[in-house]
Amino acid sequence: MGNRSGDGNAHFEEAKSPGGDGVGGGGGGGGDSPSSNWRAMMAEGREDMPSPTGAMASPLGNHEEQVILYPAKQPSKGKSYLSLRVHKVGLKDYDEYVEPFISVVVCDKRGRVLETQNTPVAYKREKADHLERGGYLVFDQTVHLQTQLEHIYEGNSGIFFELKHWKDGKKKTSCRCWALVERDEIEDGEHSMELYKKPADYRRRKGKITLFSVKKLFCHIEMYVKALPSEGPAYAKRASAVTFRKKGLKKK
């Protein structure tokens, strides 16, 4: 379901930041980018870069929800995992949101929630140089999914990124927009994803998903598949195909 909104736009755009190449931004200077440093740390099995907010598993401002970020699971024979770097989300009214954060939710094809993790609030805001109005909420947080990658493939699961913020007038947390990675879109590297109108449709029904904005402002993430060197990143997809054949199921 690559073109979910049906407007002719591709779901994934080439990941570029206003200031240079890649989701990491910067550009033009020497040294390693935040993106390359993050990939190196994931490959070496080291823990994440220090959180910009310094907050892990802690209260989330006015929100009833808590910061939930789990440690990485290490791959083993027949088991691989996905780590995500939630970099930034682009919005035309980026400077108007109170305590924005991202909920990362894994759901199966029936819409059942398999896991949820919440980032701390965005630690800074950046103006988008390529637009007269608009900018980014910057998070730079790593989310280690606890759901085995093989299970994501087998269950035709989707990974949802919900941008939530605090509405002071109503004293509640509200979802502003959301993005989605489907199982066939899981791939190492940087990606920028379309944003869709709330509420998030965990069942991913056709005709229920519409674009949030026509401006070129996206949800920017990076993915890193953690698998044993002997199995490689493509193992989970192959294992899923074997499971389907053994059970006599048809892929949809």
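**Exercise 1. Find the bridge partner of valine 105 in strand E9 of this predicted model.**

Solution. Start with the two strands. Strand E5 covers residues 101–107 and strand E9 covers residues 158–167. They run antiparallel and are joined by 7 bridges. Now look across from valine 105: its bridge partner in E9 is phenylalanine 160.

**Exercise 2. Work out which strands are joined to strand E8, and whether E8 is mostly covered.**

Solution. Take the strands in turn. Strand E4 (residues 81–91) is joined to E8 by 8 bridges, and the two run antiparallel. Here valine 86 stands opposite glutamine 141. Strand E7 (residues 124–127) also runs antiparallel to E8, with 4 bridges between them. In this case arginine 125 stands opposite leucine 137.

Then check the burial of E8 itself, residues 135–144. Of its 10 residues, 9 are buried, so the strand is mostly covered.

**Exercise 3. Describe the salt bridge between arginine 204 and glutamate 182, and say what it ties together.**

Solution. First, the contact: the two side chains meet at 2.9 Å, N to O. Second, the locations: arginine 204 sits in the loop between E12 and strand E13 (219–226), whereas glutamate 182 belongs to strand E10 (residues 172–182). The pair therefore ties together parts that are 22 residues apart in sequence. Third, the surroundings. The cut-off for buried is under 20% relative accessible area. Arginine 204, at 9%, is therefore buried, and so is glutamate 182, at 8%.

**Exercise 4. Classify both partners in two further salt bridges, aspartate 168 with lysine 171 and aspartate 201 with arginine 205.**

Solution. Begin with aspartate 168 and lysine 171, whose side chains meet at 3.1 Å, N to O. Exposed means over 50% relative accessible area. Lysine 171 has 54%, so lysine 171 is exposed, while aspartate 168, with 46%, counts as partly exposed.

Move on to aspartate 201 and arginine 205, which meet at 3.3 Å, N to O. Aspartate 201 is buried, with 7% relative accessibility. Arginine 205 is partly exposed, at 35%.

**Exercise 5. How many salt bridges does the structure hold, and which residues are linked in a network?**

Solution. The count is 10 salt bridges. For the network, look at Arg85, Asp140 and Glu222, which salt bridges link together.

Technical notes: Residues numbered from 1 in each chain as written. Predicted model: local features only at pLDDT ≥ 70, side-chain atom pairs only at ≥ 80, totals over all residues. Heavy atoms only, no water. Pairing = 2+ DSSP bridges. Buried < 20%, exposed > 50% of the residue type's maximum accessible area, 1.4 Å probe, protein only. Salt bridge = Lys/Arg side-chain N within 4 Å of Asp/Glu carboxyl O.
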